[in-house]
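My notes are kept in the order in which I looked.

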Amino acid sequence: MTDQTDLPEDYGAAGGWGSMRGMARTLRETHPTPMVVRSLGRMNKPRGVMCVSCAWPKPANYSAFEFCENGAKATMWELTSARCTPEFWKNPAHSVTALRAWKDHDLEKTGRLTHPLRYNAETDRYEEVSWDEAFAAIGATLQALPRESAVFYASGHAGLEASYLYALLARAYGNNNLPQSSNMCHETTSVGLTKVIGSPVGTIVWDDLAETDAFFFFGQNPGTNSPRFLHPMKDLKDRGGKIITFNPVIEQGLVSFVDPQNPLAMLTGKETKISDQYHQLKAGGDVAAILGLCKCVVEADDAARAAGKADVIDHAFVAQHTTGFDAFIQSCRDASWAEIERESGLTEAALREAGDVYIAAEKVIGVYGMGLTQHTHGALNIAMLVNLLLLRGNIGRPGAGCCPVRGHSNVQGQRTVGIAEKTKLVPLDKLKELFGFDPPTRDGMNIVEATEALFEGKVKAFVSLGGNLVRAVPDQQRMETAWAAQELTVMVSTKLNRSHLFPARQAYILPCLGRFEEDMQATGNQSVTTEDSFSMISASIGHREPPSAMLKSELAIVTGIAKAAVPPMPGLKWDDWTADYSLVRDLIEKTYPDDFRDFNARMYEAGGFYRGNGAHERIWKTPEGKAVFTTPGQLNSLGFQDAPGRYRLITLRSNDQFNTTIYGYSDRLRGLEGSRDIVLMCPEDIDAAGLTNGQTVTLITDVDDGQDRRLAGLTLTAYKLPLGTIAGYYPECNVLVPVQHHDALSKTPASKSVPVRIEAG
């Protein structure tokens, strides 16, 4: 029997020599040229390259090494010396069917794709095809299909210029089927925040980080997902601020940090303690936990007013800027501590301790990630965090606000320039004026709707601007079958991934340039722009020689497809835009003049230029014209009830991955090495289930919808987790997530609380 108190809690600090070893291991695997040092030195700086990994902002006062471990891994992974040429497919062992047995890591290790490829069903291999042939065939097939049967998906990588033209391509083709990677992670933010503060994105800017008194973290792991955030966190601790964390899993980036840019810290191993309090709540228990914090604030305010002392709640702010306050605070008073404890998995004493920090702090930033968004009632999680911030006026003033941390480097920006399935988010009248055609007015499909339509045989073609959808979306086994049954799949990619291995009747892989590589067009080397999590726009310009002369830029691929799939129109000047990306930025400015004023002139400003955010200025673009307090209808974010033998599965990313890209098998910040085929479970649950640590088990989705979803061959691993909560890796566990298991408002897959059973064997 393994007792929970015997489990190690400290797997080494984030950063430090562990970070250096992680980068060195990736360096050994990828063998990039020595020029990679120059590339890393240019990252996140004016006239350099914006990181291809996460969307964490770039400071105006940048350091000599403005990159983190995961940014360096992503760079080396892209700049690998390995090449996947057409010769690869001539190896007898390299049929598409045979490659399905390969690990994701090994597929990408084959290296950069060098030539456009077309699938040959007779040989079960991809073969080289010319760009002209590929574009012509893709265009002919798209033209022959019903317009609503084609989907144009975008991962969060492509720059604003390619993204704007991609959205234009879809609308000129005839639909708004523009799902995007945010549908799978932060669409809950876009929908949830818009509902309560009128902004689809976070409200803070870089300077707020230096002014805040406290960070309150919910379901976000900076050590793995945004390591450059660790520096502002360390700065806060150095000046005496507080960090309070709510997360079912102990994440070392929220425990301690050794600054790898500080020679003394590296020599001495001096750690900065990050979280002053770390609360391991149940998966899905955030609603109750935040309600408990709000209850503490309301009780303190009631007591202060009764004693004639200063208010705890910012009543002047509440009266001027909010609605729904009275009903919400009554719900705080009515909620019992017994209910809050049961649903959160935390004690009243623990929540009061956290509440005391919130009350004492003048300025607080609420930070969250997919631990809040990926639940059946994820939008309620976000509304509850906004409730907490509103109580003390912690939105729309220096040092305070709401900080969702995005993943893909331009996932937020793609939405800004029109990759959106909802027509209300796009100025269709401007598009008609600029380009002379009538854009479709019917809403398109998000990724869940597109996946469901794919399962029903209604989707006939998928064009993917980046991404690895077969691996990334829920219901993976059903997805593999449905993906291959289409008429056409087109994937713009840099490397092989699992989605290439389930080709449609016609399937094309179109290899593209990376952001570090020169993008030479008729007017010279082109710049591309991206938007970070703080709504800052920055430019990148590549400096590396492309790995193949046959590669095209993402933008050139988009326009190549557009010319073949869309009838010629005088206003659609695809060739001109390909020759000079500044013309596309002019179009973006004309379409979104408030956000992109003087776009071309400002894009190289240090730290980027701010496109603005109404909620940051306390301008609430809600129907009520005010920020909205939300009274919760339930005390958890689940869409199912607990039951004997049913567990809440959280899907995790390791320290050695970025989304579906697996760099290696070291998850050192959790003390896990060598395998991703594991499931984490607390010792008490292991004993209660009659299982043993190290045993081989199978997870089975506990949903009665006629589908058998299971993942076998997992090693049961004792780990410090709350009772009833288990964890396994994404994307491997996607096979267990039903497509209908999603946030009620945004349809974001609820991958942080999946009902499962666990069986031996």
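The entries below cover sheets, then rings, then the pocket.

**Entry 1: the model.** I am working from a predicted model. I number residues from 1 along each chain.

**Entry 2: the three-stranded sheet.** I looked up an open sheet and found three strands in the order β1-β9-β10, with mixed pairing. β1 (14-15) and β10 (272-273) each have a single partner strand, so one side of each is left without a neighbour in the sheet. I then checked β9 (residues 256-258) against β10: the two run antiparallel and are joined by two bridges. On β10, K273 is the residue opposite S256.

**Entry 3: β13 and β14.** I found four bridges between β13 (residues 364-368) and β14, in the parallel sense. Y368 has P404 of β14 as its bridge partner. I also noted the side-chain directions on β14 (residues 401-404): G401 and C403 point one way, C402 and P404 the other, and all are buried.

**Entry 4: β24.** I asked how many of the six residues of β24 (residues 647-652) are buried. The count is six of six, so I logged the strand as mostly covered. Y647, L649 and T651 point one way, while R648, I650 and L652 point the other way. Next I listed the partners. β24 is joined to β32 (residues 725-729) by five bridges, and these strands run parallel. With β33 (residues 754-760) there are three bridges, and the run is antiparallel. I looked at R648 on both sides: R648 stands opposite T725 in β32, and its bridge partner in β33 is P755.

**Entry 5: aromatic pairs.** I got 27 aromatic pairs for the structure. I examined F317 and W620, which are edge-to-face at 6.4 Å centre to centre, with 75 degrees between the planes. F317 lies in helix α14 (residues 315-321) and W620 in the loop between β22 (609-610) and β23 (627-628), so this pair ties together parts that are 303 residues apart in sequence. Both F317 and W620 are buried.

I then took F435 and W577, also an edge-to-face pair, with 5.7 Å centre to centre and 80 degrees between the planes. F435 belongs to helix α21 (residues 428-435) and W577 to helix α26 (residues 574-579); 142 residues separate them, and the pair links distant parts of the chain. The cut-off I applied for buried is under 20%.

I also recorded one aromatic cluster, made up of W56, W206, F215, F217, F229 and F534.

**Entry 6: charges over rings.** I noted the charged end of R47 over the ring of Y604, 4.0 Å from the ring centre. I noted likewise the charged end of R147 over the ring of Y173, 4.4 Å from the ring centre.

**Entry 7: the largest pocket.** I read off about 1,100 Å³ of space for the largest pocket. Its lining has 33 residues, and T194, G198, S199, P200 and L425 lie nearest the centre. By class I have 11 nonpolar, 11 polar and 11 charged residues in the lining. Which helix gives the most to the lining? That is α8, with five residues. α8 (187-197) and α20 (411-416) each supply at least two lining residues.

Conventions:
This is a predicted model: local features need pLDDT of at least 70, side-chain atom pairs count only at pLDDT 80 or more; totals for chains, interfaces and linings use all residues. Side-chain values use heavy atoms; hydrogens and water are left out. Two strands pair if DSSP finds at least two bridges between them. Buried means under 20% relative accessible area, exposed over 50%, partly exposed in between (1.4 Å probe, protein chains only). Rings of Phe, Tyr and Trp (its six-membered ring) pair if their centres lie within 6.5 Å; planes under 30 degrees apart count as stacked, over 60 as edge-to-face and the rest as tilted. A charge sits over a ring if NZ of Lys or CZ of Arg is within 6 Å of the ring centre and within 35 degrees of the ring normal. On a 1 Å grid over the protein atoms alone, a cavity is a set of points where a 1.4 Å probe fits but cannot get out, and a pocket is an open set with protein on both sides within 12 Å along at least five of seven lines; lining residues have an atom within 4 Å of a point. Grid points are joined across faces, edges and corners, and a volume is the space filled by probe spheres set on the points. Ala, Val, Leu, Ile, Met, Phe, Trp, Tyr, Cys and Pro count as nonpolar, Asp, Glu, Lys and Arg as charged, and the others, Gly among them, as polar.
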